[in-house]
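Colleague: I've just opened this one and I'm new to it. Can you walk me through?
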Amino acid sequence: MARFLRTLGLLTAALLAGCSRESHPAVAAPSGPELTPVTLQLDWFPEPAHGGFYQAAVRGFYAEAGLDVTINPGGPGGRPIPKVAAGQVPFSMGRSDDMMLAAAQGLPVLIIAALMQRDPQALLLHADNPVETFADLDGREVMAYPGSAWVPYLKKRYGIEFDLMPASFGLARFIADPELIQACFITDEPFRLRKQGVAVKTLLLSDSGYDPYRVIVTHAPFAQENPEVVRAFVAASIRGWQDYLFGDPAPAHQAIAALNDHMTEAQMDYSLTQMREQKFVQGFSERGERIGHLDPGRLDAHATLLHELGVLPEPLPMSRYADLSFLPTELSAGSF
Amino acid sequence: MKGSTTRYLAPVLSAAVFIGGWYAIRAGLPTEKQFMLPWPHDVAQAFAENWQTLLQASLNIALGAAIGLCSATMVAVLMAILMSLSGFIRASLYPHLMALQMMPVVALAPILVIWVGPGLPSVSIITFIICFFPIVVNTTQGLISTDRKLVELFALYRASRWQQITRLRLPAAMPYFFTGLRISGILASIGAIVGDFSAGSSANDGAGLGFLVIIYGAQFKMAELFATVISGCLIGFVFVLIVHRVSWFCLHQWHDSYERSDS
Amino acid sequence: MPDPNSSPCAVEITDVSKQFGDGPPVLTGISFGTAPGDFVAVIGPSGCGKSTLLRLIAGLSPLSRGTIKVDGFPPGGDEPETAFVFQEPTLLPWSRVAANVELPLRLRGVAEAKRRQTVQICLERVRLGDRADAFPRQLSGGQQMRVSIARALALEPKLLLLDEPFGALDEITRNHLNEELLALREHTAWTAFFVTHSIMEAVFLANRVLVMSANPGRIAHEVKVDLPYPRTAATRETTDFHTIADKLSRLLHSVEEEAKS
């Protein structure tokens with residue numbers, strides 16, 4: 001009976017996971033001529049916020065690490081985390097707080113490296129909007145993805161109340177409504193709006209003190225079975241980002257422009273400049289931050305904060321949602 | 001007596017088998033897949049912990065669905081009367097009604113939000129659009145397929161056009177109308193939830209089940225998602241029940257689709 | 001011109017032809033006149049245009065040629081009150097029996113008190129006074145037909161057109177209804193055209209029987225039925241009845257043979 005149940009469960013799992021299940025390579029072969037095929041699921045259409053991955057792919061960093069990386073573009077409603085959790089793709093990206101929530105609900109996802117030391121997510125407002133600070137949001141309505149943990153944080157930190165409506169993933173409503181406040185990527189929407197002659201201002205969410213990482217994640221069982229593949233992927237990705245930010249970004253930009261018609265040269269230059277100047281990816285070296293680096297103390301503090309906000313039902317130990325052992329030695333060592 | 005025992009016992013039994021199967025499947029899931037399917041008692045607990053949120057969201061959906069369905073019914077019947085008057089009017093309007101039905105709600109939602117604002121106005125209009133078509137098509141069909149003999153009878157008695165519509169065509173179209181209404185009754189709550197999903201708002205406690213789906217989805221709360229889905233089913237069930245009840249009230253005495261209950 | 005409200009009316013049919021579109025003629029050269037109060041039965045093989053003739057008299061279908069006058073008026077306009085009884089009861093299924101009988105009165109805007117009175121009288125005449133609140137589907141086929149007749153009589157018509165009204169009923173029910181129909185004439189006199197397949201029914205009801213032939217439809221013979229009114233069930237047992245029925249049977253047979261050759 002128990003065996004029957006187990007078979008039934010496996011069958012259901014296979015059904016739930018769908019047919020596009022990625023075949024997990026049993027052996028990693030970083031040195032041989034055979035490349036290990038793996039897939040990276042993006043969280044949006046290809047854009048400079050994915051520049052390092054494209055740079056690594058085009059410049060052959062992944063191949064040198066023994067990997068044949070397929071980059072899947074995302075889009076609205078793409079929901080990359082459930083895909084990773086179901087084992088359909090081994091690698092994706094997201095915010096560290098979302099990964100904690102996912103892990104707390106039993107999703108087998110694991111943070112393996114930082115993608116950005118700070119999240120470029122911001123609130124977008126018309127330049128003449130009287131809202132100047134987070135505290136001014138009291139009584140307003142914000143278009144954002146409901147369920148994001150920064151919402152209860154802002155409410156509690158500033159003692160304010162505001163309402164939400166679901167994001168429409170476009171700027172038409174924003175242009176039409178001078179009162180509208182919506183979530184954006186500071187590296188993207190402000191440029192597009194200014195180009196259309198719309199004067200805007202932004203409030204960077206991390207300035208409120210709510211400061212998650214953007215991270216690279218993997219499917220936990222995949223990492224357990226293929227630690228070398230994960231290590232190679234992290235190292236080559238970091239190399240790609242290093243090269244993209246401080247070398248010639250043209251290879252990545254050509255690849256992105258070929259895949260995303262909306263990405264003009266000017267738009268990509270703007271995004272890249274923003275990332276460089278605001279140090280989203282590399283962080284502040286004086287704080288010990290570097291590309292890919294994860295600070296266990298900061299992760300722990302964030303998990304505690306989420307628990308205090310009531311978003312996490314229990315204090316979550318780091319082993320449940322992150323594994324820093326796949327970082328290059330100089331990064332993981334530097335953190336202790 | 002035997003009939004009523006079967007009637008009440010059978011669904012209870014099938015529900016027990018279903019829940020038993022659910023437990024069996026969950027018990028057989030390997031560890032890394034367990035997040036996909038919560039235990040049934042986890043879902044029950046999600047209900048217990050979030051019942052106020054779920055109830056408020058359900059009521060909001062029910063309100064949007066009711067406004068959408070009622071206004072769709074009224075406009076659809078008027079439109080059907082108009083279309084029954086001439087083949088020319090039918091030919092001119094029908095393709096546009098089809099287009100209305102084909103309109104993808106997800107594409108429409110952002111436009112509606114700009115026009116009328118998020119929340120109840122958008123949700124009601126989306127429900128209206130989804131519910132409108134089945135009623136207008138079926139009612140028009142009913143209005144133009146009235147028994148020819150009865151039409152001649154009215155002609156013999158020199159009934160006016162208005163008398164023909166009110167005393168003959170509308171009552172004769174009632175079974176057709178209710179066929180459409182039953183379809184729309186099923187669609188109403190689905191439409192409201194989809195509308196709320198893409199054009200809802202949490203302002204004035206107006207968030208509905210679609211909004212909750214986004215929130216729970218973002219937080220990966222599977223048990224709460226299941227509870228939300230079940231709440232949606234319950235609302236749909238209530239709507240279908242009401243429509244069937246009204247349909248029974250209007251038709252059971254004379255229409256063949258209902259068994260003779262009085263002799 | 002006779003007053004249309006005082007007595008049964010005369011129907012004058014002159015050289016009437018009917019064809020639908022470019023099709024073959026359905027009726028040709030029909031000429032026939034009735035005296036007020038005539039009960040005319042029309043029999044003939046199927047396809048001879050009996051029902052079409054009835055619809056022409058009712059004004060439900062336009063003539064291709066010729067004229068029809070009902071007390072001097074063309075049908076479908078200001079002619080004296082005409083009622084039509086279809087093959088099926090043709091009742092409003094959503095209306096109770098009383099409301100069905102009341103329908104013609106409502107459509108004419110008759111005052112409510114008068115309506116209620118008339119409905120009660122008409123229902124009692126067809127022996128359905130106790131079923132006023134029933135819905136049509138709760139009645140038997142024969143009862144439904146009686147409601148249909150009660151409705152036809154509600155406006156006190158001068159001309160009654162019946163298109164095989166009892167064709168779908170069993171013979172016993174049909175005989176009963178035949179007797180009742182004649183009994184109704186005791187209350188109000190009307191001129192009647194009665195299309196039927198049944199020779200017995202035609203002889204029992206009518207004082208004149210038209211035998212029609214097909215392809216194209218025309219009047220082949222006319223037979224007078226001299227049996228005295230009131231007729232009862234016993235009338236069917238008389239020798240005269242059977243003599244006339246036999247004669248009609250032969251005529252009908254010859255008309256059918258003619259159509260085949």
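Colleague: How many residues of domain 1 of chain C are in contact with domain 2 of chain C?
Modeller: Keep in mind that this is a predicted model. In it, 12 residues of domain 1 of chain C are in contact with 9 residues of domain 2 of chain C. On the domain 1 side, helix 5 (residues 171–184) of chain C brings the largest share, 4 residues. By class, that side of domain 1 of chain C, where it touches domain 2, has 8 nonpolar, 2 polar and 2 charged residues.

Colleague: And where do the domains of chain C run?
Modeller: Domain 1 of chain C covers 11–81 + 157–260, and domain 2 covers 92–155. Taken over C-alpha atoms, the centres of domain 1 and domain 2 of chain C are separated by 25 Å.

Colleague: OK, on to whole chains. Which pair of chains shares the most contacts?
Modeller: Chains A and B, out of the 2 pairs of chains in contact. There, 32 residues of chain A are in contact with 31 residues of chain B. Helix 1 of chain A gives the most to the chain A side, with 9 residues. That side of chain A, touching chain B, divides into 19 nonpolar, 9 polar and 4 charged residues.

Colleague: What about chains B and C, how many residues does each put into the contact?
Modeller: Chain B puts in 13 residues and chain C 14 residues. On the chain B side, helix 6 (148–156) and helix 7 of chain B each supply at least two residues. Helix 6 of chain B gives the most to that side, with 6 residues. The chain B side that touches chain C is made up of 8 nonpolar, 3 polar and 2 charged residues.

Colleague: How far apart are the nearest C-alpha atoms of chain A and chain C?
Modeller: They are 49 Å apart, and chain A and chain C do not touch.

Colleague: Switching to the inside. How many residues are in the largest nonpolar core?
Modeller: It has 238 residues, and V109(A) and F194(C) have the most contacts inside it. Helix 7 (residues 161–199) of chain B gives the most to this core, with 15 residues. As background, nonpolar side chains tend to be buried together in soluble globular proteins.

Colleague: What does V109(A) touch?
Modeller: Leaving out residues up to four places away in sequence, V109(A) touches a list that includes I81(A), V84(A), M99(A), V217(A) and H219(A).

Colleague: Now S325(A): buried or exposed?
Modeller: S325(A) counts as exposed because 12 other C-beta atoms lie within 10 Å, and the cut-off for exposed is 12 or fewer. You'll find S325(A) in the loop between helix 13 (296–308) and helix 14 (329–335) of chain A. Its C-alpha atom is separated by 21 Å from that of I81(A), and the two residues are 244 apart along the chain.

Colleague: Where is R127(C) then?
Modeller: R127(C) is in the loop between helix 3 (112–125) and helix 4 (141–153) of chain C. Its phi is positive too, near 60 degrees, and R127(C) is a residue other than glycine. R127(C) is partly exposed, with 13 other C-beta atoms within 10 Å.

Colleague: Last topic, confidence. What does chain C average in pLDDT?
Modeller: Chain C averages 89, and 97% of the residues score at least 70. Among its elements, strand 3 (residues 39–43) of chain C has the highest mean pLDDT (95) and helix 5 of chain C the lowest (89).

Colleague: Where does pLDDT stay under 50 in chain C?
Modeller: Over residues 1–6 of chain C, for which the model has 7 contacts beyond four places in sequence. Where pLDDT is low, the predicted coordinates should not be read in detail.

Colleague: And what ipTM does the predictor give the complex?
Modeller: An ipTM of 0.86, along with a pTM of 0.80.

Key: Residues numbered from 1 in each chain as written. Chains lettered and ligands numbered in written order. Predicted model: local features only at pLDDT ≥ 70, side-chain atom pairs only at ≥ 80, totals over all residues. Domains from an automatic or database assignment. Nonpolar A, V, L, I, M, F, W, Y, C, P; charged D, E, K, R; others polar. Core = buried A, V, L, I, M, F, W, Y, C linked by C-beta atoms within 7 Å. Buried ≥ 20, exposed ≤ 12 C-beta atoms within 10 Å, placed from the backbone. pLDDT = per-residue confidence, 0-100.
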